[in-house]
2 protein chains.
Amino acid sequence: MKLRPQTVTLKDIARAMGLSIATVSKALRDSHEISPATKQRVCDYAEKHKYRPNLMAQMLRHKNGRSIGVIIGAIPNNFFSDVLNGMESVTFQKDYHFIITQSLESLQREKKNLEHLTWRAVDGLLVSLSAETQSIDHFKKVHESGIPIVFYDRVTNEIKTHQVVSDNVDGTYKGTMHLLENGFSRIAHITSSKELSITQERLIGYKNALEEKNIFFNNDYVKYCAHGGKDRDEVEEAIDQLLAMKPMPDALITASDRITISALAILKKKNISIPSQIAIVGYSNFSAPEVFQPELTTIHQPAFEIGRAAAELLIKLIETKRPPTKFEKRILPVELQVRESSLRVR
Amino acid sequence: MKLRPQTVTLKDIARAMGLSIATVSKALRDSHEISPATKQRVCDYAEKHKYRPNLMAQMLRHKNGRSIGVIIGAIPNNFFSDVLNGMESVTFQKDYHFIITQSLESLQREKKNLEHLTWRAVDGLLVSLSAETQSIDHFKKVHESGIPIVFYDRVTNEIKTHQVVSDNVDGTYKGTMHLLENGFSRIAHITSSKELSITQERLIGYKNALEEKNIFFNNDYVKYCAHGGKDRDEVEEAIDQLLAMKPMPDALITASDRITISALAILKKKNISIPSQIAIVGYSNFSAPEVFQPELTTIHQPAFEIGRAAAELLIKLIETKRPPTKFEKRILPVELQVRESSLRVR
DNA sequence: TTGAAAGCGGTACCAT
DNA sequence: ATGGTACCGCTTTCAA
């Protein structure tokens with residue numbers, strides 16, 4: 001490509017004005033040791049010639065590039081894209097950049113992404129663990145080297161830092177309770193991989209509701225997707241197993257956007273009618289669940305808020321000189337939106 | 001935060017091995033002027049101590065940070081998130097990073113994003129114009145300064161460079177023709193802002209189909225959304241106007257994911273039944289349009305491929321020394337997926 | 001074959 | 001108030 005024309009530098013300004021580089025630098029940074037007159041002249045000149053400090057040079061000096069790295073499951077996923085949107089709303093306003101990497105639920109990619117991001121010298125990390133992740137030593141190492149991390153959604157307690165999650169226990173509790181109160185009792189649960197924090201929390205809510213209603217917890221009703229429902233096959237297998245059970249479950253709680261959508265499509269393909277043969281309550285952040293067939297009862301997470309809060313906490317962590325002694329786990333409320341798919345038909 | 005511990009640098013290696021910085025640098029870059037023995041020793045040491053060249057320093061030297069900037073309408077949008085996914089598949093593999101900015105269909109944000117990205121010294125840009133954009137002088141300036149750009153989806157011919165789009169003319173043509181052949185003749189079209197390339201192309205396909213069937217083109221059947229259907233209100237207004245017409249349209253072609261989903265939700269709210277009162281064919285990249293009520297006939301764009309092709313072309317542009325004399329406009333085929341929402345009910 | 005030294009564009013300390 | 005200068009980590013002549 002054609003050579004990038006040098007944008008105007010400190011040196012250019014210094015030469016043009018017969019000042020030293022140091023003076024110009026200080027003038028532009030509004031140092032007290034520069035006379036107002038000089039400051040004015042320098043700033044005017046800089047303004048006129050559209051001076052922009054060279055980011056690389058600044059970064060090279062005091063390692064801080066106003067950028068944060070994000071590790072996310074997958075971009076094309078309603079939940080995550082809302083999260084990203086929330087993060088962007090903060091980073092845009094605070095003049096940070098966020099560099100997005102997808103784990104695609106693979107540990108190997110997660111590690112590679114992490115390497116990449118640290119090499120990029122990001123100032124901090126926003127991380128949601130992949131479905132495959134068990135050991136988090138790779139994050140520990142990075143964190144100990146001084147790069148602040150905030151975990152969101154899929155979190156870990158093994159690293160002492162901020163966390164932002166939605167109230168997963170409550171979400172599944174509400175969903176399950178709603179189904180129970182509508183006369184469903186054989187409630188299946190298709191969820192992500194066993195190791196994830198969200199999986200465990202959601203299972204707790206599920207069990208709590210059953211217990212409260214004195215319904216026996218049947219472990220066979222819980223199906224895990226080792227890859228978080230990345231492929232439809234994973235979900236189809238789970239559904240096949242559930243449909244083969246006797247008695248067959250009469251309701252289903254699906255634990256993520258992907259799993260929910262896949263489940264709807266698969267049940268449709270199999271001509272299982274919802275909710276008469278099986279009712280559904282699904283975690284989903286789709287913008288218009290009322291246009292599904294049937295209208296879908298959803299557990300809606302404040303994805304945008306999660307992203308926003310996580311980004312805010314991280315930037316605070318980055319910009320604060322001394323690390324805080326106490327970290328917060330922010331738990332945002334979820335909302336059960338009742339629609340046709342979970343209501344008894346007479 | 002705690003000071004980031006210095007990762008090992010050239011200087012460290014040089015001192016440790018009693019060599020000069022220059023020699024180490026050359027050895028690591030496999031220069032011909034270094035003896036194999038020295039090379040070996042240096043590389044071993046570097047490997048063992050996990051030497052990673054400092055990106056900022058490299059960038060400062062020869063402006064190339066292996067990063068590309070993306071301007072996109074909005075992340076939470078099935079079409080765009082698939083596009084991003086396609087881009088990521090390339091950048092990940094080629095060890096580039098992509099920095100995403102959302103225009104949110106606002107010219108002002110588009111400009112600010114552009115400024116931000118150039119300040120970040122990205123090596124190239126992947127751009128889809130915002131719905132508000134008319135003059136593209138801001139891009140011209142950047143492009144003339146030597147930063148390669150590839151336009152995708154919403155493109156412009158005013159800058160000589162590669163373009164990647166889907167076959168918009170054909171998409172709407174197919175959709176319109178399909179409706180006509182199914183007995184619908186008063187076909188409305190809700191689309192994005194007038195200025196966008198996609199809007200114009202889609203309108204051509206629509207007109208072509210009408211003309212071919214000798215149907216009168218009624219300008220009042222075409223409703224523009226100045227903000228690309230960002231808000232549901234915009235779409236609702238268009239629909240209200242259409243419903244108030246006499247005779248009312250009997251079919252509708254919606255020109256984007258957002259518009260399509262909004263239209264479905266609004267018509268549902270208004271208790272207009274699809275397709276008996278009005279049929280719908282919608283541009284959409286939703287992963288499971290068969291779970292909509294009714295199953296939605298879609299014009300499906302190869303969003304992932306668009307992203308992939310655009311990223312590939314851009315990286316080629318970045319890495320090639322001499323700019324090509326001829327640029328290509330890659331037009332990827334779209335697919336009409338016929339489902340219930342566009343079929344005559346008897 | 002190896003190394004000294006001059007940048008790249010800023011920042012910051014120390015003189016003047 | 002202003003300027004000289006060393007340095008951040010790496011690349012690249014040019015000498016040795």
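In which sense, parallel or antiparallel, do strand 8 and strand 9 of chain B pair, and over how many bridges? In this predicted model, strand 8 (residues 251-254) and strand 9 (residues 279-283) of chain B pair in the parallel sense, over four bridges. Both strands belong to an open sheet of six strands in chain B, and chain A holds an open sheet of six strands as well. Between chain A and chain B, about 6,400 Å² of area is buried.

**Sheet of chain B**

- The strand order in chain B is 7-6-8-9-10-12, and the pairing is mixed.
- Within the pairing of strand 8 with strand 9 of chain B, Leu252(B) stands opposite Ile280(B) of strand 9.

**Sheet of chain A**

- In chain A the six strands follow the order 7-6-8-9-10-12, with mixed pairing.
- The edges are formed by strand 7 (222-224) and strand 12 (335-337) of chain A, each pairing on one side only.
- Neighbouring strands of this sheet are turned by 15° against each other on average, direction ignored.
- Strand 6 (residues 187-191) and strand 8 of chain A pair in the parallel sense over four bridges. His189(A) has Ile253(A), in strand 8 of chain A, as its bridge partner.
- Helix 8 (residues 168-181) of chain A packs on the sheet, where its contacts are strand 6, strand 8, strand 9 (279-283), strand 10 (297-300) and strand 12 of chain A. The direction of helix 8 makes about 165° with that of strand 9 of chain A.

**Contact between chain A and chain B**

- Chain A contributes 69 residues to the contact and chain B contributes 70 residues.
- Carbon and sulfur atoms give 58% of the area buried between the two chains.
- Six salt bridges are counted between chain A and chain B. One salt bridge joins the side chains of Glu290(A) and Arg232(B), at 3.6 Å from N to O.
- On the side of chain A that touches chain B, at least two residues each come from helix 4 (55-61), helix 5 (78-93), strand 2 (97-102), helix 6 (107-119), helix 11 (257-269) and helix 12 (303-319) of chain A.
- Helix 5 of chain A supplies the largest share of that side, seven residues.
- By class, the side of chain A that touches chain B comprises 33 nonpolar, 17 polar and 19 charged residues.

**Backbone features in loops**

- Most residues other than glycine have a negative phi, and most peptide bonds are trans.
- Lys246(A) and Pro247(A) are joined by a cis peptide bond, with omega about -5°. Pro247(A) lies in the loop between helix 10 (232-244) and strand 8 (251-254) of chain A.
- A cis peptide bond also joins Ile274(B) and Pro275(B), with omega about 0°. The loop between helix 11 (257-269) and strand 9 of chain B contains Pro275(B).
- Lys50(A), although not a glycine, has a positive phi of about 50°. Lys50(A) is located in the loop between helix 3 (36-48) and helix 4 of chain A.

Definitions and conventions: Residues numbered from 1 in each chain as written. Chains lettered and ligands numbered in written order. Predicted model: local features only at pLDDT ≥ 70, side-chain atom pairs only at ≥ 80, totals over all residues. Heavy atoms only, no water. Pairing = 2+ DSSP bridges. Contact = heavy atoms within 4.5 Å. Buried area = accessible area lost by both parts, 1.4 Å probe. Salt bridge = Lys/Arg side-chain N within 4 Å of Asp/Glu carboxyl O. Nonpolar A, V, L, I, M, F, W, Y, C, P; charged D, E, K, R; others polar. Axes fitted to C-alpha atoms, helices over the stretch in contact; angles between N-to-C directions.
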